[in-house]
Amino acid sequence: MSVHWGPDAAGPLAQRQAALVDALVAGGPAPPGFDAADLDATRRALLRKRAREAAAQWPLLAASYGDRWPSVFAEHRAGHGPVGALRDGWDVARAVTGLPPGAAAELAGREAAWRYDGRRSPRPRRWRRLLGRVRRGR
Amino acid sequence: MADPAGVGVGWRPEIAGVVSDVEGLGFAEVVAESFAPAGPPRGVADLRERGVTVVPHGVRLSLGGTDPLDPARVTHLAACAAALGAPLVSEHIAFVRAGGRDAGHLLPLPRSREALDVLAANVARTQAELDVPLALEPIAALFDWPDDEYTEGEFVTALLDRTGARLLLDVANVHANAVNRGRDPEAVLDTLPLDRIAYVHVAGGVEHDGRYHDTHTEAVPDAVLGLLGALVDRLPAAPAVLLERDGGFPPAARLHAELATLRGVVAGARVP
């Protein structure tokens, strides 16, 4: 195995791990010494995996783009760290213009049932919480 | 509960029915972060009632991360093992978050003394809370750090020696890492501490833009089956082998056939 020592490879592990995560999911620059093509392949693979997971949460949204879903997802989520499949898909649904009817209905259903501020986990709207309490008999 | 044996499959809600119908299911695995110890899914509870061993498999602990280990995640992993009566739990030689940012995926570590110290401390902290052994899985990665001091075999051996942890060997990961670096997968096998194997993972993957991606969404390719056969040849007894499938779920018959193929390979059948 080749061992590469270089001044640019130094630095505490914590900072280097943070820089690597930034490069892979948050649009940061490739840290020194790494193979840029390998990092880019990883970055794109992570986006495809997130797209697949978001499609499971947003089946109509994903289906309305067919084979183009991974690239539509990447267009809107590249450079934004993963926030979970539900929110990742939600952010895409809100960002795209001209949603097809099925996807629009899927988004409208979620918006009606949950309060999502785009920054934190969605919370059930008040009427859903009350309904849940009634169903649980409290 | 009995150690993993035979051929098993990763339990996922999407294939709960398929898993429960597997004839001669050796064991199963649940993703710890998706499992609620207080309220296990019906399918998992049924497996336990039938006496099937179920192993919690953690994916988010970030044992190689320099961010402090999240005590709640360690406690959860121990609670999963207790609820399932599991004989062991497993996690990864990887980090998943840094500087408070989550990558949402298992990322490789530099194979350095510094990373070994971080891993050993986090593994010891985790083992202290577990009542059962911990097995550690080397991951598949598309890149290496620029300043590796050890080979993967040396790094994994040193970690297991320091911590007493066992090895969860994923032959699909070995295949992926080797072919993406132009190495011979069987030669890599020979550098790993095979005598420490607790059980074995296999999974499918796909070629994409000139690289092999370990996606868990395809059938297990012949090359990975062949490597599993090469592993079996190197061991004194048949290892416990678990198929991981995380998406692109096939019809029941195809998944059952894939498990039957794995049983054949473990029993010494040649891969066509």
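Colleague: Which rules apply to the numbering and the values?
Modeller: Residues are numbered from 1 along each chain as its sequence is written, while chains are lettered from A and ligands numbered from 1 in the order in which they are written. In this predicted model local features need pLDDT of at least 70, side-chain atom pairs count only at pLDDT 80 or more, and totals for chains, interfaces and linings use all residues, with side-chain values taken from heavy atoms and with hydrogens and water left out.

Colleague: How many salt bridges are there over all chains?
Modeller: Side chains of opposite charge can pair when their charged atoms come close. The rule here asks for a side-chain nitrogen of Lys or Arg within 4 Å of a carboxyl oxygen of Asp or Glu. Over all chains, the count of salt bridges by this rule is 25.

Colleague: Which helices hold Glu111(A) and Arg94(A)?
Modeller: These two form a salt bridge, with the closest N and O atoms 2.8 Å apart. The pair ties together parts that are 17 residues apart in sequence, because Glu111(A) and Arg94(A) lie in separate elements of chain A: helix α6 (residues 101–113) and helix α5 (residues 85–95). Helices (H or I, at least four residues) and strands (E, at least two) are DSSP runs, numbered from the N terminus. In order, the helices are α6 and α5.

Colleague: Is Arg12(B) buried or exposed?
Modeller: Buried means under 20% relative accessible area, exposed over 50%, and partly exposed in between (1.4 Å probe, protein chains only). The salt-bridge partner of Arg12(B) is Asp246(B), at 2.7 Å between the closest N and O atoms. Asp246(B) has 35%, so it is partly exposed. Arg12(B) has 8%, so it counts as buried.

Colleague: Where does Arg60(B) lie?
Modeller: Arg60(B) meets Asp102(B) in a salt bridge of 2.7 Å, N to O. Asp102(B) is in strand β6 (residues 101–107) of chain B, so the pair ties together parts 42 residues apart in sequence. Arg60(B) itself lies in the loop between β3 (53–57) and α3 (71–84) of chain B.

Colleague: Which residue of chain B joins Asp40(A), Arg43(A) and Arg44(A) in a network of salt bridges?
Modeller: The network links four residues by salt bridges. Three of them are in chain A, and the one in chain B is Asp209(B).

Colleague: What span is expected for helix α4 of chain B?
Modeller: The helix covers residues 113–129, which is 17 residues. The expected span is 1.5 Å times one less than the number of residues. From its first C-alpha to its last it reaches 25 Å, close to the expected 24 Å.

Colleague: Which element of chain A do the buried residues of α4(B) pack against?
Modeller: The buried residues of α4(B) include Leu116(B), Leu119(B) and Val123(B). Contact means heavy atoms within 4.5 Å. In chain B, they pack against α3, β4 (89–93), β7 (134–138) and α5 (152–163). In chain A, the element is α1 (13–25).

Colleague: Why is the pair of Phe34(A) and Trp145(B) edge-to-face?
Modeller: Rings of Phe, Tyr and Trp (its six-membered ring) pair if their centres lie within 6.5 Å; planes under 30 degrees apart count as stacked, over 60 as edge-to-face and the rest as tilted. The search finds 8 aromatic pairs over all chains. In this one the centres are 5.1 Å apart, and the pair is edge-to-face because the planes stand at 65 degrees.

Colleague: Which residue forms a cluster with Phe34(A) and Trp145(B)?
Modeller: Phe34(A) is buried at 10% relative accessibility, and Trp145(B) is buried at 3%. Ring pairs link these two with a further residue, Phe143(B).
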